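Welcome! The paragraphs below will then lead you through it step by step.

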Amino acid sequence: MAPWLVGYVALTLVPVLLSLYYSFTTYDVISPEKWVGLGNFVEAFTKDDQFWPSLAKTAYYAGVTVPLGVVGSLLLAVLLNVKVRGTSIFRTLFFMPSLVPVVAATVLWFWLLQPDWGPINRLLYQTTGITPPRWFQDPSWTIPALISLALWSSVGGTRMIIFLAGLQGVSEELYDAAKVDGAGSWARFRHVTLPMITPTIFFNLVLGIIGALQVFTPALVATEGGPAYATWFYALHIYKNAFGFFNMGYASALAWLFAVLIITLTWVQMRLARTWVYYAAENE
Amino acid sequence: MDATIALDRTTSRGKAAERWRTLVLALTYAGLSALGLLFCFPFFWTISSSLKTGPETHFVPPTVLPAVPQWANYVRIWSAQPVATWLTNSAFVVVATVPGAIITATLVAYAFARFDYPGRDFFFMLMLSTLMLPYEVTLIPQYIIYQKYFGWINTYWPLIIPSWAGGGAFTIFLLRQFLMTIPRDLDDAARVDGASSWTILWRILIPLCRPALATVAILEFLRQWNDFLGPFVYLNTPELFTMALGLRFFQTLPESTQEPKTHLLMTATILMALPAILLFFSFQRYFVRGIVMSGLKG
């Protein structure tokens, strides 16, 4: 315990408190910091013209990626949970993309979606005849491109394995009882499987949202937030302010606003969970 | 008479059920295969592109396979870019961090799972709540501290030190959950025989935790090997770059019109992904068990 407490205090608590302090200052790393009170927060809400847009883009990205990702992982897990031969091969196939390092996956996606000589656009053109989107070159298609990348690399990953574990934990007796009562396979899924795995769904949803809101690396590697600020997500906004312009005080204020947002969202979800998450153990 | 009708009915129902089951099976396989192909295509395209010549990667329409597989690309990449240096640097960071994360996280998880002391649950909740903190909250002040007081910018220290201070909250959580599934009677029996807390951890719990430890080791390896932001913030000179930084550096190099670099870029991409994939497959057995048994399903 002791070594960790020391480490935890030194590496988490101290920085967290320092960050809170810096958020009330302006600090450029070279000259000493200057206290500005709530100035940074006022600037974020009223003067920073990338603040609200970057939040909106982050919400768009997370709002599409998380529901699709969680439902996708659940569907894959349900398919893999059918007791047939060869599922381990498919499980491996679905899991592989999540092993590809983010930077490598982004470089590869950039290439797959290359508008002129990439295979995806060629395929789209040949099958539909319409002019395919220019993906990373078109501001309105860059976020969809990043969403497709996120889905490819996360749908079959750890989240799917956690769902599989959840599905396998549903007791056979419940299914047998439902069968005796005449429930078909859809009814069994809807009224036995789904309620029993709501804790797993909740767990994946909460972690998924926390992760998706912090999206950074793919946007930076693919287009550095561009074109025309199209993927200037909130995490990029913090990064650029801190390490691009060395506005450490302002960036700390942005980071704290972000922390408050994420903690509030998680808290709201935990409150909502009471209405839809079913914990079997509590009701025994 | 009645009996035959009844028999008929059961067999026809049996047949229908049989047919239904075959249909479900066929649909499952069809769905799995279609999705499998979809998931595989990016891998196929990367490998195929890595074996093309430079100009071949820019053909319109694109060719599915290279006319002549350019295996030499896998030799040329080493001299085209300092890939060997980058891979070695990545390997160094992994070797310097993963053991630290495993050792310290095990100790902390042990303290959370097996000892009663005031404030334990509070600290546990505090640790879990750090999972919600966006990394920028700690990254910025850490950078300032490392820069101002230690002069550690452009060194590996800022990447290594955090791993020796408990690793990540998630790692601790996973190990703690796993330890909770091991009956305390084992500890008590050993204690009666005079074993100390260290002996219990070392001789009894750690051997039983092997699947969870392997899971943690894999997750930590992947996290370090794939990490971009940390090296990106702290490392400036290409000689110190990890592979993640190097790959992005290579990608942003301006492309000359005569000689596209996409084929080599794909080769480098494969070189970066390969260690992660290979390592995972050698420990896959433990990984799935580690997640299932730690009850990580909410």
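Let us begin with chain B, whose secondary structure consists of 13 helices and 0 strands. If you follow chain B from the N terminus, the elements read α-α-α-α-α-α-α-α-α-α-α-α-α. Taken along the principal axes, the C-alpha atoms of chain B fill a box of roughly 85 × 65 × 35 Å. Of the 298 residues in chain B, 37% are buried. Look also at how chain B folds back on itself: among its contacts between residues at least 6 apart in sequence, 77% join residues at least 24 apart.

Please keep in mind that this is a predicted model. The average pLDDT of chain B is 85, and 91% of its residues score at least 70. Among the elements of chain B, the mean pLDDT is lowest for α1(B), at 78, and highest for α11(B), at 93. For the complex, the predictor gives an ipTM of 0.88 and a pTM of 0.89.

Now look at how chain B is divided. Domain 1 covers 2–50 and domain 2 covers 75–293. Between the C-alpha centres of these two domains of chain B there are 40 Å. How many residues of domain 1 of chain B are in contact with domain 2 of chain B? There are 4 of them, and they meet 6 residues of domain 2. On the side of domain 1 that touches domain 2 of chain B, the residues are 1 nonpolar and 3 polar, with no charged ones.

The C-alpha trace of chain A spans about 75 × 55 × 35 Å along its principal axes. Of its 284 residues, 42% count as buried. Among the contacts in chain A between residues at least 6 apart in sequence, 69% join residues at least 24 apart.

Where do the two chains meet? In the model, 61 residues of chain B are in contact with 66 residues of chain A. Several helices of chain B each supply at least two residues of the side that touches chain A, among them α1 (2–50), α3 (83–114) and α13 (262–293). Others in this group are α5 (135–150), α10 (210–226), α11 (229–234) and α12 (243–252) of chain B. By class, this side of chain B holds 41 nonpolar, 17 polar and 3 charged residues.

Where does B:I182 sit in chain B? Its place is in the loop between α7 (169–180) and α8 (184–192). B:I182 has 16 other C-beta atoms within 10 Å, so it is partly exposed. Leaving aside residues up to four places away in sequence, B:I182 touches B:L205 and B:L208.

Definitions and conventions
Residues numbered from 1 in each chain as written. Chains lettered and ligands numbered in written order. Predicted model: local features only at pLDDT ≥ 70, side-chain atom pairs only at ≥ 80, totals over all residues. Contact = placed C-beta atoms within 7 Å. Helix = DSSP H or I, 4+ residues; strand = E, 2+ residues; numbered from the N terminus. Nonpolar A, V, L, I, M, F, W, Y, C, P; charged D, E, K, R; others polar. Domains from an automatic or database assignment. Buried ≥ 20, exposed ≤ 12 C-beta atoms within 10 Å, placed from the backbone. pLDDT = per-residue confidence, 0-100.
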